[in-house]
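Here is a brief report on one chain.

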Amino acid sequence: MINRKKPVPKRVGTKAVNPFLQLFSGTNFTGTVRRFRGSLGIRNLSSVGLNNTIESLRFTTGAGLTGTVVLFEGTGYSGDFVKFNPTANIPDLSTLNFDNQASSLVVSSLALSDAEIAAIQDSGTDLAEVLRKIRAARKRRAAKRMGKK
């Protein structure tokens, strides 16, 4: 009798892309859900069927990682905004007076300051370039700090 081993299924790992954002059309994480992974900017939420329809959200990153999601009232990253850091579970954006208000958004693996968000608003279009400049400025500041020690 031939003893054949059953093939062992290989585990295929997938690298998690951070950050992870879920947007819901209803309160308490109900309704239509849209999921986004990684850093991105959506200048006009109409392009993905979400303009002025977001009522709740969940935002997470991997353990120990930073990130920011910013919802803007206007298209092109303009107008009033609300900012969320990792582990944000917002069951009802009306508590922030921002339900059904978002027309554009930014998701970043960086912890963005209000000044950096203002730079994104000033650019209006080139999110990738602004984030590149933010990363470069942070590296320069870190190098300066290291040189002074």
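## Basis of the model

This is a predicted model: local features need pLDDT of at least 70, side-chain atom pairs count only at pLDDT 80 or more, and totals for chains, interfaces and linings use all residues. Residues are numbered from 1 along each chain as its sequence is written, and side-chain values use heavy atoms, with hydrogens and water left out.

## Val 106

Val 106 sits in strand S8, residues 104-108. Strands are DSSP runs of E with at least two residues, numbered from the N terminus. Val 106 has a relative accessible area of 0%, so it counts as buried (under 20% relative accessible area, 1.4 Å probe, protein chains only).

What does Val 106 touch, not counting residues up to four places away in sequence? Its contacts (heavy atoms within 4.5 Å) include Leu 40, Val 70, Phe 72, Tyr 77, Ile 120 and Leu 127. Thr 68 is also among them. Thr 68 lies 38 residues from Val 106 along the chain, and their C-alpha atoms are separated by 7.9 Å.

## Positive phi in two loops

Most residues other than glycine have a negative phi. Phe 29 is not a glycine, yet its phi is positive, about 60°. Phe 29 lies in the loop between strand S1 (20-26) and strand S2 (30-37). Its relative accessibility is 21%, so Phe 29 counts as partly exposed (between under 20%, buried, and over 50%, exposed).

Asn 97 also has a positive phi, near 55°. Its loop runs between strand S7 (88-90) and S8. Asn 97 counts as exposed because its relative accessibility is 65%.

Definitions and conventions:
Helices (H or I, at least four residues) and strands (E, at least two) are DSSP runs, numbered from the N terminus.
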